[in-house]
Amino acid sequence: MNVLSANWIAVGRLSDIPRRGARRIQNGSLTIAVFRTANDEVYAIEDKCPHKKGPLSQGIVHGNCVSCPLHNWVISLEDGKAQGADEGTVRSFNVKLDGEDIHLNVLNVSDERKSA
Amino acid sequence: MEQLLAVELGDSYKPNAITAVCGCTDLGHDEVRRLIKAKELKTIPRVMQALEWKTSCGCAKCRPALNYYLVCDWPDEYEDDYQSRFIYERVHANIQKDGTYSVVPRMWGGITSAIELRKIADVVEKFDIPTVKVTGGQRIDMLGVQKEDLPAVWADLGEVGFVSGHAYAKGLRTVKTCVGSDWCRFGTQDSTGLGVRIEKFMWGSWTPAKVKMAVSGCPRNCSEATCKDVGVICVDSGYELHFAGAAGLDIKGTEVLGHVKTEDEVIEHVVALTQMYREQGHYLERIYKWAKRIGVDEIRRQIMENGEARQGYFSRFIFSQKYAQVDPWSERVSGKDKHEFIPMSDLKLEAAE
Ligand code: SF4
Ligand code: FES
C-alpha cells in the first residue's frame, strides 16, 4: 500500500476477473461491478443499469463498454454514461492497478446518500 | 477485402444487397458464415482480423453470433468463448427482471416422477424459492433463485438425476408430448416415447435460435405440434413431419416436411433438418424465418429426397453432439466457472468504520 493513500483498499487481483468480464464487490446494499477489458484495464461502476437497474456485471464487455444483460443498453465503463440515443448515467468509482492488485478508492463508496 | 469476397463468394457476392451483422463490419451473416468455412477461421480474433472488423473486440451483437458459428462449424476444435455469450448461457440459468435467476430442470418429453417432484419440493423449501410455475413446454420452472445459490440448487437437483433443461439456450429446448398410445384411446403411436427419444438424442445442441419441438399421438394434436419449430404428428401409417411453425411474436402454422414410416426415420429426418438449420441459419433467426429465406421446397428437397445430403447432415450432427452433450449444471457443481457465482469481495465498510 506504500504509494497509495489510506482511502484505497485492495479488493482483489486482476486474475480474479476474466478478460472482457466483471466481478461484483458487495458493500451492504451497494453492489459495485469491477470490469477487466481485453487490454487489462480495470473500471468500476455501480452494478445497476440507469435504465431499469439491470446488473451490468452480467453483461457482455466490448471495448471500454458493457452491454446491459436486460435490454442491451451500452454503458461506458469510463464514466458510467449510456451511449447512443439512450440517456442516463450510473455511478462510477475510482479503481487502480498496483501490479496485479486491484485497489478501490472507498471515499465515495461509503457515501450511501449517492447510491439512493 | 472486396476482392477477397469476390473470389471466395463468387457471383453471389452483391455488396449493396447485404445487411451488415452490426456496426463492426460491413459483411452480412451469410458472408461471415461462408468465409469462416472457406478460410478455415477458428477463433473470434482470427475472424475479426481476417475479415477486417472495424472494432477491436466486437460488440454484444457480433460476438455471440461469431461464437455460435464457430461452435457449430468446428465442434471439435473451437474452444467456446464464454465471455462472448449472453449471461443466461454463461451461467446456464435465465436472468429475471430483478437480477435473480430461474431454474428449469430437464423432464424428458414432459415426463416426471414422485422422486423428482419430491426433490423439487425440497429444493423450493430449502432455498426459499418464491415462485414455482409449470411452463408452456411441460417443465417446472423455479423462479427467483439468487445467483449465489445456483450451484447448490443444481447440486441438490442433480442428486435425483436432474440435468439442465436448457430453458435459457439458443439450442434444443423442449420436446412436448401427449400420452399417445400408452394411455389415450385415440393414440396411434407411442408419442411420449418418441418425444423422449428425440430429446435424449438432441439435447445439448446449440442452434441459431431456440428450438421447440412436439410430438402428438394423433391428428387431434394435443401437444400443439403444428405451431412448433419442429413437430411430429403420429398417424396409423407412420409419422407426419412438420416444421417452421411459430407461436410467439408471430403466429404461423407449420409446413409439412413429409411422411415417414418408422421412429428411426423420424429421428434421422428431424436431426438432418435441424443440422441444416444449424449450418445455414443466421444467429437469432428462428427456423420459420430461415425456411422463408431458403425456401420450404429447397429444404424438403434436401431432407426428404436427397438421401446423401440427409445422411451428411445427420452424421455432422452426431459428430458435434459428442462435444455438446455435457451437462452444464454438473460441471458447475464440480467447480467450473466459480467466479461467476461468488462476489470478488465483501467490503462491509460501514461495519468496519
Ligand atoms: S393427440 Fe391424439 S393421441 Fe395424443 S392425447 Fe390427443 S387425442 Fe390422444
Ligand atoms: S436495465 Fe439495462 S438496458 Fe434495461
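1. Chain A and chain B bury about 2,600 Å² between them, with 56% of that area on carbon and sulfur atoms, where buried area is the accessible area (1.4 Å probe) that two parts lose on being put together, summed over both. A:Arg20, A:Arg24 and A:Ile60 supply 27% of the area that chain A buries against chain B, more than any other three residues.

2. These values come from a predicted model, in which local features need pLDDT of at least 70 and side-chain atom pairs count only at pLDDT 80 or more, while totals for chains, interfaces and linings use all residues. Residues are numbered from 1 along each chain as its sequence is written, chains are lettered from A and ligands numbered from 1 in the order in which they are written, and side-chain values use heavy atoms, with hydrogens and water left out.

3. In terms of contact (heavy atoms within 4.5 Å), 34 residues of chain A touch 33 residues of chain B. Between the two chains there are 13 residue pairs in polar contact, both residues being at pLDDT 80 or more; a polar contact is a pair of N or O atoms within 3.5 Å, and within protein one must be able to donate a hydrogen and the other to accept it, with residues adjacent in sequence counting only if both atoms are side-chain atoms.

4. On the side of chain A that touches chain B, the elements giving two or more residues are β1 (8-13), β2 (21-27), β5 (60-62) and β10 (101-105) of chain A, and β2(A) gives the most, with six residues. Helices (H or I, at least four residues) and strands (E, at least two) are DSSP runs, numbered from the N terminus.

5. Two salt bridges are found across the interface of chain A and chain B, the rule being a side-chain nitrogen of Lys or Arg within 4 Å of a carboxyl oxygen of Asp or Glu. A:Arg20 and B:Asp81 meet through their side chains in a salt bridge, at 3.0 Å from N to O.

6. β2(A) also pairs in the parallel sense, over two bridges, with strand β12 (residues 345-346) of chain B, pairing being assigned if DSSP finds at least two bridges between two strands. A:Ile25 stands opposite B:Ser345 in β12(B).

7. A backbone point to check concerns B:Glu40, whose phi is near 50°, a positive value in a residue other than glycine; B:Glu40 lies in the loop between α2 (29-38) and α3 (44-50) of chain B.
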